[in-house]
Amino acid sequence: MSFVATANPPIHGAEPMVGNDGFFPAVDCETLRNDIRLDGTVTAARLRLAVVDAMLAINTELQQWRIEQEQAGHATLADVPAPTLAGESAKVHQYRKAIYAHVGASLAEAYRDMDTLPQGAGKEARVMGAIETRVDAFHQQLRWAVADLQGTSRVIAELL
């Protein structure tokens, strides 16, 4: 018989919202943790740092688009014309999806330390392959969410 330790998530209500810049919405770390199924191995401090990093990256990428929206008279992302689904602007949902995907990718990349991998019988290669697939999926979700938010094509292709 072997003992398998599991990491419990932080106590309910212990992870506050991470404020944003006023145009883009704040991010609720507890909801993010539940939505992308993070356990307690990701500490509250690391999750907050990953969220702030995601906000910085995505807000910077969307800077020109944001300026265009503000010039059109939209004070916040929720004010940008978009369908409302489940009581929320599709643009807000797409932004949150981009944040979640960025956080998921960066945490998956950070936690692929070889010291934590199982040893023997090719397990390392299988685990690393699964992690790479997960990281790639998060990056794809990120790219699609940003494209959807801006109303641009998801496909980036160029003929040579």
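Analyst: Let's settle one word before we start: buried means under 20% relative accessible area, and exposed means over 50%. Keep in mind that this is a predicted model.

User: Good. Are Phe 23 and Phe 24 buried or exposed?

Analyst: Take Phe 24 as the example: its relative accessible area is 2%. That is below the 20% limit for burial. Phe 23 falls in that class as well, so the word for both is buried.

User: How are the planes of the Phe 23 and Phe 24 rings set, stacked or edge-to-face?

Analyst: The ring centres are 4.9 Å apart, and the planes meet at 90°. Planes over 60 degrees apart fall in one class, while those under 30 degrees fall in another. With 90° between the planes, the pair is therefore edge-to-face.

User: Which aromatic pair is stacked?

Analyst: By the rule used here, there are two aromatic pairs. One of them has its centres 4.7 Å apart with 10° between the planes, and that stacked pair is Phe 24 and Tyr 95.

User: How many residues apart are Phe 24 and Tyr 95?

Analyst: Phe 24 is in the loop between β1 (17-18) and β2 (27-28), whereas Tyr 95 belongs to helix α4. Tyr 95 is buried too, with a relative accessible area of 1%. Ring pairs join Phe 23, Phe 24 and Tyr 95 into a cluster. The Phe 24 and Tyr 95 pair links distant parts of the chain, and the gap is 71 residues.

User: Let's zoom out. What pattern does the protein follow along the sequence?

Analyst: The protein has five helices and four strands. Read along the sequence, their order is β-β-α-α-α-β-β-α-α.

User: What is Leu 32 in contact with, leaving aside its neighbours within four places in sequence?

Analyst: Contact here means heavy atoms within 4.5 Å. With those neighbours left aside, its partners are Val 27, Leu 38, Leu 47, Val 51, Ile 99, Tyr 100 and Val 103.

User: Which side chain makes a polar contact with the side chain of Glu 15?

Analyst: Glu 15 is found in the segment before β1. Glu 15 counts as buried because its relative accessible area is 7%. At 2.8 Å, its side-chain partner is Arg 33.

User: Where is Arg 37, with its positive phi?

Analyst: Most residues other than glycine have a negative phi. Arg 37 has a phi near 55°. At 73% relative accessibility, Arg 37 counts as exposed. Its place is the loop between α1 (29-35) and α2 (44-61).

User: And is Ala 86 buried or exposed?

Analyst: Ala 86 also has a positive phi, about 55°, although it is not a glycine. It is found in the loop between β3 (84-85) and β4 (88-89). Its relative accessibility is 89%, so Ala 86 counts as exposed.

User: How far apart in space are Arg 143 and Arg 154?

Analyst: Arg 143 is found in helix α5, and at 36% relative accessibility it counts as partly exposed. Arg 154 is eleven residues from Arg 143 in sequence. C-alpha to C-alpha, the two are apart by 7.3 Å.

User: Last one: what share of the protein's residues count as buried?

Analyst: The protein exposes about 10000 Å², with carbon and sulfur atoms supplying 56% of that area. Of its 160 residues, the share counted as buried is 32%.

Key. Residues numbered from 1 in each chain as written. Predicted model: local features only at pLDDT ≥ 70, side-chain atom pairs only at ≥ 80, totals over all residues. Heavy atoms only, no water. Helix = DSSP H or I, 4+ residues; strand = E, 2+ residues; numbered from the N terminus. Buried < 20%, exposed > 50% of the residue type's maximum accessible area, 1.4 Å probe, protein only. Phe/Tyr/Trp six-rings, centres within 6.5 Å; stacked < 30°, edge-to-face > 60°. Areas by Shrake-Rupley, 256 points an atom, 1.4 Å probe, with all protein chains shown as cover. Polar contact = N/O pair within 3.5 Å; in protein donor to acceptor, adjacent residues only side chain to side chain.
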